[in-house]
Amino acid sequence: MSGMGIGALMMPSVPVIGQAVSAEHLLEPGIDAAAKKKLSEIALNAAKSKGATYTDVRIGRYLQQFLFTRERQVQNIVNAESYGIGIRVIANGTWGFSATSDVTPDGIAKCAATAVEIAKANSKFQKEPVQLAEQKGVGDKTWKTPIVKNAFEIPIREKVDLLMNVNGKALDGGASFVTSNLFFVNEQKYFASSDGSFIDQDVHRIWPTFTVTVTDKASGKFKTRDAISSPMGMGYEYLDGVASEKIAGPNGLVGYRNSYDMVEDAITAAKQAKEKITAKTVQAGKYDLVLDPNHLGLTIHESVGHPTELDRVLGYEANYAGTSFATLDKWQSKTFAYGSKLVNIVADKTQPHTLGAVGYDDEGVPCKEWDIIKDGILVNYQAIRDQVKIIGEKESHGCCYADNWNSVQFQRMPNISLKPGTEKRSVMDMIKGVEKGIYIIGRGSYSIDQQRYNFQFGGQVFYEIKNGEITGMLDDVAYQSNTQEFWNSCAQLCDKDDYRTFGSFFDGKGQPGQVSAVSHGSSTTRFNGVNVINTGRKI
Amino acid sequence: MAILSKEEAKKIIDKVLAFSKADEISVGLNGDRSGNIRYARNSVSTSGETTDLSLSVTSVFGKKSGTATINEFDDASLEKTVRRAEEIAKLAPDNPEYMPMLGAQQFQETQSFAESTAAINPGFRAQAAFNSIDPCIKKDLTAAGFLQDSAGFSAIGNNKGLFAYNKSTSVDFSITVRTADGKGSGYATRDYNDASKLDTKAATEIAMQKALASVNTKALEPGKYTVILEPTAAVDLLQNMMRSMDARNADEGRSFLGKKGGGTRLGEKLFDERITIYSDPANPEIPTSPFAGDGRAQEKVTWIDKGVVKNMYYSRFWAQKQGVKAVPAPSGFILAGGTESLADLIKGTEKGILVTRFWYIRAVDPQTLLYTGLTRDGTFYIENGQIKYPVKNFRFNESPVIMLNNVEAIGKPVRAAGNLVPPLKIRDFTFTSLSDAV
């Protein structure tokens with residue numbers, strides 16, 4: 001697709017955007033807010049003069065630095081910059097969008113005219129004129145991710161040394177192969193609208209990750225274990241691995257909160273991947289599941305995050321991602337039991353260290369927190385300015401996002417998190433109460449239907465629980481359930497001391513596809529009587 | 001102008017090569033004009049068009065390489081980009097797997113460019129959307145669709161004598177039609193190099209029929225069933241298998257093609273003897289570029305011959321290490337088939353399930369290529385050669401390797417997502433649970 005740069009050719013599975021530049025170039029400041037304001041005013045005026053009744057302008061500089069290694073070598077280092085302007089208008093009651101990398105007064109005026117032209121052309125098909133929820137202009141504002149260390153300022157050498165250390169420790173620990181990566185993103189976004197908002201934001205994200213593989217020649221088996229890091233809305237300080245952010249789990253296992261010890265995790269990963277080779281294959285049946293936040297985050301993402309996106313509910317994603325079982329009538333009933341009474345799910349774009357945290361969304365709406373599921377009942381959705389009226393609200397939730405200046409913004413998931421339990425409870429306490437269960441850590445295979453009823457999830461490591469104790473590792477585990485049934489089987493929550501966030505760095509949606517990054521917080525949670533299948537096969 | 005001719009592209013590349021001070025330099029020049037229109041709820045939701053022309057320079061000193069890209073084409077900008085690539089290369093760590101650049105290659109002619117597609121404009125897209133939305137409105141159905149077209153070129157040149165140029169076009173269309181009560185859903189998709197072959201109305205009519213026919217489903221017990229996979233359903237699983245045929249992973253013992261005790265399963269009969277899969281960049285139905293991204297020639301390659309694994313694909317580094325020909329991964333494949341149509345396969349089925357498409361396919365176990373996913377947008381029960389009634393969607397857990405051992409019948413291949421895939425009749429396909437999704 002447009003917007004995919006050279007990096008995309010080198011590493012096809014990772015969406016790199018923009019032009020390849022040097023690492024030093026990533027530290028050069030872009031133009032200042034005053035200059036961006038002048039340029040955006042050219043767009044606002046040009047669009048208005050062509051007949052736009054509403055205009056928003058995003059001047060974006062998107063920086064990426066990605067490092068890829070395997071075993072003892074660096075495979076690739078991508079430094080990329082993408083700079084341009086996207087102009088969205090309403091004319092004849094219809095949206096129009098155009099974008100250009102020609103950020104000159106002339107280029108901007110032409111781009112604005114094209115956006116109006118497209119809006120007018122498409123208005124022929126429009127059945128209902130677009131109606132925006134009111135948003136008073138906020139004037140000149142700035143927001144910055146509260147980072148301690150700007151990852152782009154850390155020398156490449158230091159980053160390579162870290163990854164070589166990670167790989168070395170994994171290999172020393174018995175790994176046959178290891179790949180490791182660092183992803184750093186900085187979005188320098190300026191938003192201006194005809195409502196009178198001029199917002200300058202500097203957003204940082206980080207994701208360190210690896211995959212350790214162990215092969216066993218004699219049996220022909222191979223097993224992998226991925227990092228249990230989380231992508232974060234943080235700077236390089238996430239990699240400090242400070243002891244106070246480590247959470248001690250059962251059997252010497254460690255969870256990471258807002259600081260990650262990548263080397264320690266690689267050593268554990270090699271050990272666990274070896275253990276997986278000889279792990280016992282699971283007996284299919286019903287189990288009580290104890291789900292670690294680093295696993296549960298994806299289940300929340302898929303089974304609560306996506307079905308409560310209002311654009312899906314309304315049918316805007318019907319041809320691709322699908323619609324939703326969480327229909328308006330269920331919400332209107334005020335009695336739809338999405339989960340058990342323990343289930344409280346909040347949406348937010350404000351929680352520190354998360355991927356969703358920004359000051360304002362991509363339509364200039366200040367960010368906030370709101371309930372999606374309260375005491376088990378579906379109470380709200382995720383909405384943006386042109387859809388929030390459908391659920392009887394006057395103010396947008398602030399969920400609008402575009403992954404680049406050349407992409408049109410649309411509804412994207414805010415952080416969607418499960419509130420921790422209010423009673424004091426550790427993971428060890430929780431496991432003690434489980435008679436026949438499985439403790440699952442890490443993100444594995446995941447699949448869910450187009451209305452988000454039926455899902456199947458795997459994980460990175462699985463431990464059998466018998467009579468309140470972990471008895472050993474299991475293999476070939478996946479659980480299948482129905483969203484409502486699953487959340488109603490939620491039986492126990494660990495408390496806030498166990499609360500951690502999981503994240504999705506490249507969440508895909510839309511046609512043409514766009515990515516976004518989102519966090520999901522939870523503490524370790526127990527679900528009773530979930531159907532577990534055995535995924536072992538012979539070929 | 002985003003689409004340069006061969007001569008124009010060569011002129012720019014030669015100019016860039018002349019600026020080089022590095023041991024090796026490779027220049028990639030790509031341009032395209034792409035557009036799209038998206039609709040939902042019987043109304044256009046987004047539409048846009050972009051043009052792009054960019055040049056990438058990779059400079060190499062010894063085993064250090066650096067890449068820089070630019071989208072400005074004056075001499076000063078081109079020279080600056082070469083210098084920048086050289087600076088990045090000098091700072092890069094040695095790549096022990098670096099392979100010297102290719103010299104001149106022989107490429108076959110392929111017809112991957114169609115003027116009809118290159119001529120698509122906003123009016124064409126609007127009409128294509130209208131032709132799809134209008135019949136749905138008239139039948140009280142709801143259309144959501146997406147059309148995306150692209151026309152572009154790709155050129156590569158280096159200072160070892162390599163020069164490659166290709167122009168190509170593509171148009172991709174997909175349509176989901178839902179009934180007003182949300183109880184029925186149908187789907188159709190089409191892709192071509194040549195947009196004159198695209199009829200969005202005809203494709204939409206198939207999706208409409210499926211939507212109307214799929215209301216009032218019956219729930220069948222999960223289990224093993226004989227299935228007829230339409231090409232749109234079969235292609236996803238087959239594509240996943242083809243993407244797993246990397247030789248290095250097999251040699252390293254981390255692929256379904258790795259062997260107990262070491263080595264690979266090259267030469268082993270892994271599939272039913274009726275399974276032959278090959279690739280051919282010049283095939284008139286699915287013409288693709290005659291060269292891979294790194295400049296290697298794409299040739300006709302047989303990957304699976306009568307059920308036997310014949311070839312795997314290699315990086316140039318791994319091929320040299322193993323002392324074999326560096327066959328690149330193909331950009332499309334052909335599963336050879338017979339002459340029977342989908343209707344013929346249905347007619348010849350006593351009991352079975354017709355699958356329109358699969359959705360949300362994810363790898364469960366790379367060792368056995370076990371995948372899970374769900375049926376979607378039109379799943380029907382067949383009895384005595386006829387479609388009897390719609391059934392609730394299923395989740396499957398199945399491996400394409402097992403599936404291609406359980407072949408009952410193979411139909412006539414049709415184009416699906418850039419490949420040629422026949423409808424397949426498969427016995428004992430494993431459905432593990434039911435889904436309420438429509």
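This is a predicted model: local features need pLDDT of at least 70, side-chain atom pairs count only at pLDDT 80 or more; totals for chains, interfaces and linings use all residues.
Colleague: How many residues does helix α4 of chain B have, and what span does it reach?

Modeller: Compare the end-to-end reach with the expected one. Helix α4 covers residues 122-138 of chain B and has 17 residues. From first C-alpha to last it reaches 24 Å, close to the 24 Å expected at 1.5 Å a residue.

Colleague: Which residue takes a positive phi just after α4(B)?

Modeller: Look at the backbone angles past the helix end. Here B:Asp140 has a positive phi, about 55°.

Colleague: Let me try chain A. Which residues of α2(A) are buried?

Modeller: Count neighbours: a residue is buried if 20 or more other C-beta atoms lie within 10 Å of its own. In α2(A) that gives A:Lys36, A:Leu39, A:Ser40, A:Ile42, A:Ala43, A:Leu44, A:Ala46, A:Ala47 and A:Lys50.

Colleague: Is A:Ala248 buried or exposed?

Modeller: Apply the neighbour count from the other end: 12 or fewer means exposed. A:Ala248 has 11 other C-beta atoms within 10 Å, so it is exposed. The residue sits in strand β9 (residues 246-248) of chain A. Its C-alpha lies 9.5 Å from that of A:Met428, a residue 180 positions away along the chain.

Colleague: Now domains. Which domains does the assignment give for chain A?

Modeller: Domain 1 of chain A is 6-278, while domain 2 is 281-355 + 371-382 + 415-534. Their C-alpha centres are 25 Å apart. The contact takes 23 residues from domain 1 of chain A and 26 residues from domain 2 of chain A. On the domain 1 side, β7, β8 (221-226) and α5 (262-278) of chain A each supply at least two residues. α5(A) gives the most to that side, with three residues. By class, that side has ten nonpolar, seven polar and six charged residues.

Colleague: How is chain B divided?

Modeller: Chain B has domain 1 (6-211) and domain 2 (216-238 + 337-434). The C-alpha centres of the two lie 31 Å apart. Seven residues of domain 1 of chain B contact eight residues of domain 2 of chain B. Strand β6 (residues 185-192) of chain B gives the most to the domain 1 side, with five residues. That side divides into one nonpolar, four polar and two charged residues.

Colleague: Why does the radius of gyration of chain B agree with a compact globule?

Modeller: Set the value against what the chain length predicts. A compact globule of 438 residues would have a radius of gyration near 22 Å, and chain B has 24 Å, so the two agree. The C-alpha trace of chain B spans about 70 × 60 × 35 Å along its principal axes. Buried residues make up 53% of chain B. Chain B has ten helices and 19 strands. Of its contacts between residues at least 6 apart in sequence, 72% join residues at least 24 apart.

Colleague: What does UniProt place at residues 32-89 of chain B?

Modeller: Read the record, then look at the span itself. The unreviewed UniProt entry gives "domain: Metalloprotease TldD/E N-terminal" there. The stretch is 26% helix and 60% strand, and its end C-alpha atoms lie 28 Å apart.

Colleague: Last one. How many residues of chain B are in contact with chain A?

Modeller: Count each side separately. 71 residues of chain B contact 52 residues of chain A. Strand β2 (residues 43-61) of chain B gives the most to the chain B side, with nine residues. That side divides into 23 nonpolar, 33 polar and 15 charged residues.

Key. Residues are numbered from 1 along each chain as its sequence is written. Chains are lettered from A and ligands numbered from 1 in the order in which they are written. Two residues are in contact if their C-beta atoms, placed from the backbone, lie within 7 Å. Helices (H or I, at least four residues) and strands (E, at least two) are DSSP runs, numbered from the N terminus. Ala, Val, Leu, Ile, Met, Phe, Trp, Tyr, Cys and Pro count as nonpolar, Asp, Glu, Lys and Arg as charged, and the others, Gly among them, as polar. The radius of gyration is taken over C-alpha atoms; the globule rule is 2.2 Å times the number of residues to the power 0.38. UniProt positions are given in the numbering used here, feature names are shortened, and annotations may be inferred rather than shown by experiment. Domain bounds come from an automatic or database domain assignment. The expected span of a helix is 1.5 Å times one less than its number of residues.
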